Number of protein chains: 2
Amino acid sequence: MAILKGKSGFVEWLPEQQVVEDTFVRTIRESYELRGFTHLFLRSIEPVDVLLRKEGGDTNKEIYGVRRIADAGESASMGLHFDLTIPFARYVKDYAGHLTFPFKRYQIQRSWRGERPQKGRYREFIQADADVVTRGKLPAAFDVEMPQMLVETMDALPVPPVTLHVNNVKVLGGFCAGLGVEDVPGTLRIVDKLDKVGAEGVRDILTKSLSAEQVDKLLALAAIRTPDASFVAEVEALGVSSPELDQGIAELVAVMEGIRLDGRGTVVANLGIARGLDYYTGTVFEGLMEGFETVGTVCSGGRYDRLASEQLPGIGISIGVTRLLGILLDGDGLRGSRSTPTCVLVALNDDAHRPVAAEVARALRRRGIASEVFPEPQPYGKQIKYALAKGIPYVWFAEVDEPGQHKVKDLASRDETPVDLATWSPDEDRLRPHVVSAD
Amino acid sequence: MAILKGKSGFVEWLPEQQVVEDTFVRTIRESYELRGFTHLFLRSIEPVDVLLRKEGGDTNKEIYGVRRIADAGESASMGLHFDLTIPFARYVKDYAGHLTFPFKRYQIQRSWRGERPQKGRYREFIQADADVVTRGKLPAAFDVEMPQMLVETMDALPVPPVTLHVNNVKVLGGFCAGLGVEDVPGTLRIVDKLDKVGAEGVRDILTKSLSAEQVDKLLALAAIRTPDASFVAEVEALGVSSPELDQGIAELVAVMEGIRLDGRGTVVANLGIARGLDYYTGTVFEGLMEGFETVGTVCSGGRYDRLASEQLPGIGISIGVTRLLGILLDGDGLRGSRSTPTCVLVALNDDAHRPVAAEVARALRRRGIASEVFPEPQPYGKQIKYALAKGIPYVWFAEVDEPGQHKVKDLASRDETPVDLATWSPDEDRLRPHVVSAD
């Protein structure tokens, strides 16, 4: 099943695909709430100058300005948010007096970016963010809790196993300092290209500003990957040290030893992760999905000292919901088991039986079983065809010979059996639409 | 508790208010799904020319144009949708080949209108729409089903009882035709002002183009309100007839006799309802909330022959979620019973007990009980203060003298009792935040 056509970069789903998105959103929501994160659903627009402050550089051109058509000619003073962090930071600043810290919130909302549409990139997309922020010092326990929550949440989704690659920005930064590298941020921006250009590509660029030994050691550090805290020995073997490096290693060890895994997901210390160093200040992590590693990160997060421009230390996670769906709904991927919530179609033989049929539907709904009455008397064959087309699993016949003795047809087995309205229940796995593989 | 400050017309909620919005959205969603309506969540933007086609007239200036900041200077070709009907119509047209008719869908989404902010009017707002559309002829059964679903859905919400005022546009239109009124649409647009200017105000305007007898009869018709089909006799007493009037009366009788009420909501035939006659073609209805009648309509719907510009007959309902919340959260209105999903705070005595505390939280979550571990060892008084500030109902102590014998403090009763992790459960009504009255 293909992703829908339509306005480039603005994806929409067919009903049986929407079931998948809804399942993802509900699952993430339940996972975040079980861990005490409160829901916020913030406005879609922010002042353009607030949006520009973070985005900076070239990318600001991707912001969508919003302006009433009546005001054409004026430049847009408001824009659609391009992430969920800026609205959250503004909210915390505006309403700090009403909030209790540490403040834990989640947001599952759309954002907008006017970037060039390409595979995995959308102009309108849903992200599922959770952050904990506080005033003063943010306890180190959250450096374990947040990646743990991310791994467990991804585990709860109908997706392949996710490996979370964890690092600490102080490790790379402190290692550079210990190596005597002068332009640490510039150097790390180059290391960040490892995924794109490979080790040899990075070596070529670094060689212009660093010695061969510095480059060798830096690339050796960035290549370290261990499933536990054993990276410590590998770092020590490189013979580089600095206070910042020691601090980073201690923090990364605490994370690697603190996370407890009992699902499908795994965690690796990956000392080559160098994401967004101008923003993150400690623990950082990004998740790759088994079999889809080349697609890149599907979830990520990290610790920061400032929430956007505010002095609020925090740590956050983000799941790229639309990105995941774009990958997993493509081709013969996931879909819903049917295109309607309806579990039972109550057939209608003639207008005289309409009140009986309506009462059957009402009684089923009272017991949480979604049902609808066929809207007009038609040959049963036509009504069954409608049910089959929508994937409705059962058809209820309320007008058989014996008054009060109804029958239900199971459209999978084609069995038709007498039933009692007060006690009949559908198969558990057919009560609601759920996610299945298309093949 | 006041509605939040902030950008005029763009409302946001505090965490304990968000609980109310979430409850409304979840309740509406469950109600629509139980009746077989499938979920769609469509893109936020449409081409401006598509948006203008319906909106027309003066109001098009309220559309928000959207344009990348990089493209400043060009006029916006895309805009934010101002209702959920236009995107739905476009979707049905684009993907008709993938849909089974009658197609039943619901959308609970934001729309945007750049109108002057005022009480009850927002520039960004959530509506909860459900429509059934088909090709060919739409069965009359839906004229009963849809207002019935609206009444039952409003009944399920924590709001005052709603009265649905039902009419049929053929009644007013056919009555005008029977009276010999020449400009029927123009006349009905004036009748539509009854709520705003009253009967005498309408009379003053109508007198300019109609005879005194025509005005008297029209106002007499528009004043008819009956709790059942008895309006028929009152219309007949006015001595006006036309084929269209007969048709409208027959349809309205079928609706009034078909709707079954067993909740708090009520239905009245109100022959003065004259909403959107350029769009609706049969049954129309609007809901007023007890005690808030002067605020105006909080939900509405009706039958149409064309879905936006498409030849798709249908009937729809819409609940103004943000409008309802604006009314009900104002002042000492509704709020959530607490500001966090957390049901149990697991206290932390010292770092040595962290694994035990984490295991308690994990075990509770496995049983669906939202819980969090206090992030660092602190005096119990401080941890309890945090729980009280967030409204968390229970604090769990995992480090008492007897190993394995934990205690739970109920922060409402202040009772502290020994508990068994495998069997302890919170009070049912304190498992999750729910909606309460603030007073």
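The two copies meet through the same surface, because 100% of the interface residues of chain A are also interface residues in chain B. The model described here is predicted.

**Relation between the chains**

- Two copies of a chain are related by a rotation about an axis and a shift along it.

**An open sheet in chain A**

- Chain A contains an open sheet of five strands, ordered β15-β14-β16-β17-β18, with mixed pairing.
- At the edges of this sheet stand β15 (371–373) and β18 (416–419) of chain A, each of which pairs on one side only.
- On average, neighbouring strands of the sheet are turned by 25° against each other, direction ignored.
- Strand β14 (residues 344–346) of chain A pairs with strand β16 (residues 394–397) of chain A in the parallel sense, over three bridges.
- Opposite L345(A) stands V395(A) in β16(A).

**Helices lying across the sheet**

- Helix α12 (residues 354–366) of chain A lies across β14, β15, β16 and β17 (406–410) of chain A, and runs at about 170° to β15(A).
- Helix α13 (residues 380–390) of chain A lies across β14, β15, β16 and β17 of chain A, and runs at about 150° to β16(A).

Note on methods:
Residues are numbered from 1 along each chain as its sequence is written. Chains are lettered from A and ligands numbered from 1 in the order in which they are written. This is a predicted model: local features need pLDDT of at least 70, side-chain atom pairs count only at pLDDT 80 or more; totals for chains, interfaces and linings use all residues. Side-chain values use heavy atoms; hydrogens and water are left out. Contact means heavy atoms within 4.5 Å. Two strands pair if DSSP finds at least two bridges between them. Helices (H or I, at least four residues) and strands (E, at least two) are DSSP runs, numbered from the N terminus. Axes are lines fitted to C-alpha atoms, for helices over the stretch in contact, and angles run from 0 to 180 degrees between N-to-C directions.
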